[in-house]
Amino acid sequence: MRSVTYQPGRHFLQIPGPSNVPDRILRAMDRPTIDHRGPEFQAMAKRVLAGIKTIFQTTNPVIIYPASGTGAWEAALVNTLSPGDLVLMSETGQFASLWKKLAERVGLKTEFLPGDWRHGADPAAIGERLAADTDHRIKAVCVVHNETSTGCVSPVAEVRKAIDAARHPALFMVDTISSLGSLDYRHDTWGVDVTVGGSQKGLMLPPGLSFNAVSDKAIAASKSAGLARSYWAWDEMLEMNANGFFPFTPATNLLYGLEAAIEMLHEEGLDAVFARHRRHGAATRAAVEAWGLEVLCADPAQHSGVLTAVMMPGGKGADALRKTILSRFDMSLGAGLAKLADKVFRIGHLGDFNDLTLIGTLGGVEMGLQAAGVPHRKGGVDAAMAVLAAAASGSEARQAAE
């Protein structure tokens, strides 16, 4: 027999995704797979394809792939662009860097606006570059909404305004892989042409589904785009999705789970979901400040409700801290990625997550700081509880006024 040491209680998976999958979604997926060409599947798929639009806040189609978010990155690019097209991207962190690398591998040219990994995309810099592009060589602008490696949120609506102010025809593409279902995001209102999403974070599903929400402009571009695509092609997907089917075998059981996730998000209410994530982000940052540590994201207006990246005093030792917390308290925290390796740890506070889960998470971090000998002040959990208590009092006052 394999030797395993039992640890009582549940494992705290507090990385910034995949997030914890709630029992209701697990039970929804725990049923027999049905004929994906039959009427029962057709009815379910129509419900899911309509429901997912409400999460992206769009009336346009949302295409669903059995894939990771990386697949949705590729689908967004290859359906709309041609070999050698120039794409403008912003260096906001590791995932923006990976999307840039993928773009180059499929035959596109990229221009990377430099960043310090402590801020989101800069609308002014994007607007300035587009205004200088009088020949309209730039065919797309790509931005990561919530940069999972840093905890910085880019102002998508302001980027759209910058594109419009420059009177530039470039397509606008946004990665919401770690923000969809957690942070306020409005595909239609913000004028996004392709929104990329994934299942394993705010949607509370296991990894395995990815999404392209597409505008009319993006669909029109796909008809003349010259990059090769087959599996990722939108045309057959849109045609068959209109009748509740897919051109290939879909991830049926994940679609069961997605239907349950959409129901859960609407039962709570999207505004309440977004407010909950904002509250947990604020409480976590209060704890970090009380510990005497520093949040990586340097602009308070761009702080994330999905995760908080915390800088290590002395600039290293994050991996040893994470190892201590995992071994002593059975909690996983996110690692620093690429140039942030061993310099930061990331606390995920997204998805199926409530106030008590947050306090348990922050208690684990505070005990871990002590156990690992990391210089810090006590009182982080108390500071977080004060933020949560103030938010609860404010909510009660608003309800009384109503």
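At what angle do helix α5 (residues 123–132) and helix α6 (residues 156–165) pack, and how far apart are their axes? The angle is about 20°, and the axes are 8 Å apart. Axes here are lines fitted to C-alpha atoms, for helices over the stretch in contact, and angles run from 0 to 180 degrees between N-to-C directions.

This is a predicted model, in which local features need pLDDT of at least 70, side-chain atom pairs count only at pLDDT 80 or more, and totals for chains, interfaces and linings use all residues. Residues are numbered from 1 along each chain as its sequence is written, and side-chain values use heavy atoms, with hydrogens and water left out.

Start with α5 and α6. Their angle makes α5 roughly parallel to α6. Angles under 35 degrees count as roughly parallel, over 145 as roughly antiparallel, 65 to 115 as roughly perpendicular and the rest as oblique. Helices (H or I, at least four residues) and strands (E, at least two) are DSSP runs, numbered from the N terminus. The crossing of α5 and α6 is right-handed. A crossing is right-handed if the near helix is turned clockwise from the far one by less than a right angle, and left-handed if anticlockwise.

From α5, the contact takes P123, I126, G127 and L130. From α6, it takes E158, V159, A162 and I163. Contact means heavy atoms within 4.5 Å. The residues of this α5–α6 contact divide into six nonpolar, one polar and one charged. In this scheme, Ala, Val, Leu, Ile, Met, Phe, Trp, Tyr, Cys and Pro count as nonpolar, Asp, Glu, Lys and Arg as charged, and the others, Gly among them, as polar.

Next come α2 and α9. Helix α2 covers residues 39–56 and helix α9 covers residues 252–268. Their axes come within 9 Å and cross at roughly 45°. The two helices are therefore oblique to each other. Here the crossing is left-handed.

On the α2 side, the contact residues are F41, M44, R47, V48, G51, I52, T54 and I55. On the α9 side, they are T252, L255, Y256, L258, E259, I262, L265 and H266. The contact of α2 with α9 divides into ten nonpolar, four polar and two charged residues.

## Backbone in the loops

The peptide bond from G17 to P18 is cis, with omega near 0°. P18 sits in the loop between β1 (12–14) and α1 (23–29).

M204 has a phi near 70°, a positive value in a residue other than glycine. Its loop runs between β9 (194–198) and β10 (209–214). D330 also has a positive phi, near 55°, and is likewise a residue other than glycine. D330 lies in the loop between α11 (318–329) and β13 (331–335).

## Cysteines and accessibility

How many disulfides does the structure hold? It holds zero. A disulfide is a pair of cysteine sulfur atoms within 2.5 Å. Buried means under 20% relative accessible area, exposed over 50%, and partly exposed in between (1.4 Å probe, protein chains only).

| Residue | Relative accessible area | Class |
|---|---|---|
| C152 | 1% | buried |
| C297 | 3% | buried |
| M204 | 4% | buried |
| L227 | 7% | buried |
| D330 | 14% | buried |
| L13 | 23% | partly exposed |

## Contacts of single residues

Where does L227 lie? It is in the loop between α7 (216–222) and α8 (234–241). Leaving aside neighbours within four places in sequence, L227 is in contact with L77, V78, L81, S82, P83, V106 and L108. L227 and D382 are 155 residues apart in sequence and 54 Å apart in space, C-alpha to C-alpha.

L13 lies in strand β1. Not counting residues up to four places away in sequence, L13 touches P18, S19, N20 and S332. The C-alpha atoms of L13 and A140, 127 residues apart along the chain, are separated by 36 Å.

R377 is found in the loop between α12 (355–372) and α13 (380–401). R377 touches E289, A290, W291 and G292, again not counting residues up to four places away in sequence. From R377 to Y6 the separation is 371 residues in sequence and 32 Å in space, C-alpha to C-alpha.
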